[in-house]
Amino acid sequence: MEKVLFVTHWKYNATSRYLKIFYNNGTGELYHPVPEFIYNNLLRCENKTAFVHKYLEYDLHFRKLSIA
């Protein structure tokens, strides 16, 4: 059975524009370059996981690295 994945916490560095997102299974992802206005939108939205899926994973302007 597949475990449901959801965002537990995140860290953003406005200087380097790196956004680190951590999930309930202990993994994480690093996105770069993420403009500050997108981070601000992440803070305002209620469903962080849906926001990551819609606006970060499918935006080709961001580089994504997995963090184990």
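1. Arg17 is placed in the loop between strands E1 and E2. Helices (H or I, at least four residues) and strands (E, at least two) are DSSP runs, numbered from the N terminus. Although Arg17 is not a glycine, its phi is positive, at about 65 degrees. With a relative accessible area of 37%, Arg17 is partly exposed, a class that lies between buried (under 20% relative accessible area) and exposed (over 50%), judged with a 1.4 Å probe and protein chains only.

2. A remark on the basis of this note is in order. The model is predicted, so that local features need pLDDT of at least 70 and side-chain atom pairs count only at pLDDT 80 or more, whereas totals for chains, interfaces and linings use all residues. Residues are numbered from 1 along each chain as its sequence is written, and side-chain values use heavy atoms, with hydrogens and water left out.

3. The sheet is open and consists of 4 strands in the order E1-E2-E3-E4, with antiparallel pairing. Two strands are said to pair if DSSP finds at least two bridges between them. E1 and strand E4 (63-67) are the edge strands; each has a single partner strand, so one side of each has no neighbour in the sheet. On average, and with direction ignored, neighbouring strands of this sheet are turned by 20 degrees against each other.

4. The pairing of E1 (residues 7-13) with strand E2 (residues 18-23) is antiparallel and runs over 6 bridges. Within this pair, Tyr12 stands opposite Leu19 in E2, and Val7 stands opposite Tyr23 in E2. The hairpin of E1 and E2 has 4 residues between the strands, and here Arg17 takes its positive phi near 65 degrees.

5. E2 also pairs with strand E3 (residues 28-32), again in the antiparallel sense, over 4 bridges. Their hairpin likewise has 4 residues between the strands, and in this hairpin Gly26 takes a positive phi near 90 degrees. In the loop between E3 and H1 lies Pro33. His32 and Pro33 are joined by a cis peptide bond, with omega about -15 degrees.

6. Two strand residues may be examined in turn. Val7 lies in E1 and counts as buried, at 13% relative accessibility. Not counting residues up to four places away in sequence, Val7 touches Ile21, Phe22, Tyr23, Lys48, Thr49 and Val52; contact means heavy atoms within 4.5 Å. The C-alpha atoms of Val7 and Asn25 are separated by 9.4 Å, and these residues are 18 apart along the chain.

7. Lys20 lies in strand E2 and, at 36% relative accessibility, counts as partly exposed. Lys20 stands opposite Leu30 in E3. Apart from neighbours within four places in sequence, Lys20 is in contact with His9, Trp10, Lys11, Glu29 and Leu30. Between the C-alpha atoms of Lys20 and Tyr58, residues 38 apart along the chain, the separation is 16 Å.

8. How do the helices meet? Two packed helices are described by the angle between their axes and the distance between the axes. The axes of helix H1 (residues 36-44) and helix H2 (residues 48-56) come within 9 Å and cross at roughly 150 degrees. H1 is therefore roughly antiparallel to H2. Axes are lines fitted to C-alpha atoms, for helices over the stretch in contact, and angles run from 0 to 180 degrees between N-to-C directions. Angles under 35 degrees count as roughly parallel, over 145 as roughly antiparallel, 65 to 115 as roughly perpendicular and the rest as oblique.

9. In the contact, Ile38, Asn41, Leu42, Leu43 and Arg44 in H1 meet Lys48, Phe51 and Leu56 in H2. The residues of this contact divide into 5 nonpolar, 1 polar and 2 charged. Ala, Val, Leu, Ile, Met, Phe, Trp, Tyr, Cys and Pro count as nonpolar, Asp, Glu, Lys and Arg as charged, and the others, Gly among them, as polar.
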